[in-house]
Amino acid sequence: MRTQVGIIGAGPAGLLLSHLLARAGIDSVVLEARSRDYVERRVRAGVLEHPTVELLREVGLAERLDREGMPHDGISLRFDGGDHRIDFADLVGRGITVYGQQEVVKDLIAARLRDGGDLRFEVSDVTLDGLADAPVIGFTDADGQRQELRCDAVAGCDGFHGISRGTFEPQMFDREYPYAWLGILAKAAPTQHELAYANHPRGFALYSMRSPEITRLYLQVPPDTDAGAWSDARIWDELGVRLAADGFTLNEGPLIEKSVTGMRSVVAEPMRHGRLFLAGDAAHIVPPTGAKGMNLAIADVRVLAEALTDYLRRGDESGVDAYSDTCLRRVWRAEHFSWWMTSMLHVSPDTDPFARRLQLSQLHYTVTSRAAATSLAENYVGLPHGENR
Ligand code: RFL
Ligand code: PHB
């Protein structure tokens with residue numbers, strides 16, 4: 001088999017890359033380890049930055065997003081018994097959209113299949129060879145047949161636990177945090193329209209949602225927590241305590257999902273090795289506090305699609321040569337923002353009284369200084385694509 005770009009992984013990065021390349025007349029094949037059903041149900045991110053939404057609109061992927069996505073003009077920071085709104089619309093004139101990652105993935109799969117895209121699910125034993133000049137991807141297809149896919153370039157969009165990054169030795173930068181998030185989806189109508197990030201002496205909590213009927217909530221827990229050890233009643237009690245604010249009520253309901261997510265920051269440099277290009281979680285991880293992971297994956301593949309198009313159409317290598325540096329500037333900005341939000345909002349045994357006073361000072365400053373609030377707002381809604389900072 002032959003294609004121009006072999007894409008490993010059908011998450012937001014791999015699927016969107018395939019769509020953007022197809023629009024530019026470039027062929028690709030997407031190889032995914034899981035089933036279509038699995039990737040369409042995997043519950044993850046929920047916040048789309050403004051530049052992400054604009055891009056999805058520009059490339060014809062926003063029909064359902066514009067109907068079902070929930071535009072938000074702000075968030076609130078809850079601490080010291082007070083609830084403080086950060087008004088994105090007023091501060092930066094842009095907002096975010098709450099729309100589940102699995103909805104983005106469903107829309108992308110539907111669009112690729114409608115356009116005749118080649119998506120192979122349930123492949124296994126993926127191998128990469130010839131990355132210096134003539135890439136060959138080996139894989140076992142869903143019927144158990146061994147296959148070889150020759151291509152001009154490979155996009156490693158296989159997430160944090162994929163195989164692409166392991167084919168070379170990028171320099172790794174990382175931080176682990178002494179906590180994790182216990183996330184739940186509840187069949188309960190949200191009682192407020194916007195997200196609330198709470199810093200409570202007992203730990204962080206986040207109030208989010210997926211639809212007018214579904215609430216999405218998170219609790220900071222110790223890193224080795226077994227989700228099963230938390231009964232539904234204990235989760236609701238703890239959420240009630242940490243999210244408490246004047247006039248706020250928590251609607252309880254049956255839990256549809258319950259899982260624990262580790263928190264880490266990781267960057268691999270460079271994001272390119274010969275004809276292999278890493279994108280999304282395969283190259284970098286952020287803790288979820290800044291809601292940046294999926295948005296970064298999308299920003300990467302926008303840059304990569306343009307670079308590969310110039311290279312494969314006209315032999316112009318300037319874009320592929322600049323790919324890693326271009327992406328890493330945005331990646332490190334998001335790494336900083338996510339680390340900053342995480343450090344400001346979580347309380348752990350490492351948070352000594354000095355660190356606690358610093359957190360509260362930073363929170364008070366952020367909600368009372370227009371300059372500080374604007375900095376949070378412009379990072380949260382997403383810096384414009386193509387701006388290098
Ligand atoms: P993905 O989505 O992990 O997709 C990688 C795909 O590659 C497949 N794969 C392989 N396929 C073939 N062969 C192999 N050897 C393979 N190995 C792996 C996998 O099955 C998978 O389908 O990576 P991608 O596309 O880079 O997308 C990144 C995002 O998924 C991720 O950054 C976000 O979900 C992070 N994230 C959030 N991001 C946001 O922008 N906003 C948020 O609000 C937000 N909240 C979150 C989050 C992630 C969370 N979890 C569970 C990690 C909240 C949570 C709880
Ligand atoms: C979510 O709704 O899943 C969500 C929202 C904001 C975050 C992380 C996750 O920072």
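A polar contact is a pair of N or O atoms within 3.5 Å; within protein, one atom must be able to donate a hydrogen and the other to accept it, and residues adjacent in sequence count only if both atoms are side-chain atoms. By this criterion, a polar side-chain atom of Asn295 lies 3.0 Å from an oxygen atom of ligand 1. The model is predicted, with local features requiring pLDDT of at least 70 and side-chain atom pairs pLDDT 80 or more, while totals for chains, interfaces and linings use all residues. Residues are numbered from 1 along each chain as its sequence is written, chains are lettered from A and ligands numbered from 1 in the order in which they are written, and side-chain values use heavy atoms, without hydrogens and water.

Ligand 1 is surrounded by 34 residues. A residue counts as near a molecule or strand if one of its heavy atoms lies within 4 Å of it. The closest to ligand 1 are Glu32, Arg42, Gln101, Asp281 and Met294. A polar side-chain atom of Glu32 lies 2.6 Å from an oxygen atom of ligand 1. For Gln101, a side-chain N or O atom is 2.6 Å from an oxygen atom of ligand 1. On its own, ligand 1 has 1000 Å² of accessible area, and the protein covers 87% of it. Accessible areas come from the Shrake-Rupley method with a 1.4 Å probe; for residues, only the protein chains shown count as cover.

The shell around ligand 1 draws on several elements. Helices (H or I, at least four residues) and strands (E, at least two) are DSSP runs, numbered from the N terminus. Helix H1 (12-23), E16 and H8 each supply at least two residues. The largest share, 4 residues, comes from H8. By class, the shell of ligand 1 holds 16 nonpolar, 10 polar and 8 charged residues. Here Ala, Val, Leu, Ile, Met, Phe, Trp, Tyr, Cys and Pro count as nonpolar, Asp, Glu, Lys and Arg as charged, and the others, Gly among them, as polar. Ligand 1 lies between domain 1 (5-46 + 100-170 + 270-349) and domain 2 (174-263), because both give residues to its shell. The domain bounds come from an automatic or database domain assignment.

Ligand 2 has 14 residues around it. Tyr197, Ser208, Arg210, Tyr218 and Pro288 are the closest. An oxygen atom of ligand 2 is 2.6 Å from a side-chain N or O atom of Tyr218. For the side chain of Arg210, the corresponding distance is 2.8 Å. The backbone also takes part: a polar backbone atom of Thr289 is 3.3 Å from an oxygen atom of ligand 2. Taken alone, ligand 2 exposes 280 Å², and the protein buries 97% of that. Strand E14 (195-200), strand E15 (203-211) and strand E16 (214-221) are the elements that give two or more residues to this shell. E15 provides the largest share, 3 residues. The shell comprises 8 nonpolar, 3 polar and 3 charged residues. Domain 1 and domain 2 each contribute at least three residues to the shell around ligand 2.

A salt bridge is a side-chain nitrogen of Lys or Arg within 4 Å of a carboxyl oxygen of Asp or Glu. Asp66 pairs with Arg57 at 2.8 Å, N to O. Asp66 is partly exposed at 43% relative accessible area, and Arg57 is partly exposed at 46%. The classes are buried (under 20% relative accessible area), exposed (over 50%) and partly exposed in between, with a 1.4 Å probe and protein chains only. Arg114 and Asp115 meet at 3.4 Å, N to O. Arg114 is exposed, at 60%, whereas Asp115 is partly exposed, at 44%. In the salt bridge of Arg150 with Glu148, the closest N and O atoms are 2.9 Å apart. Shared partners join Glu63, Arg64, Arg67, Glu68, Glu103, Lys106 and Asp107 into one network of salt bridges.

Some backbone features stand apart. The peptide bond from Glu269 to Pro270 is cis, with omega near -5°. Pro270 sits in the loop between strand E17 (255-269) and strand E18 (272-273). Asp80, although not a glycine, has a positive phi of about 50°. Asp80 lies in the loop between strand E5 (74-79) and strand E6 (82-87), and is exposed at 55% relative accessibility. Ala291 is not a glycine either, yet has a positive phi of about 55°. Ala291 belongs to the loop between strand E20 (284-285) and helix H8 (293-314), and is buried, with a relative accessible area of 18%.
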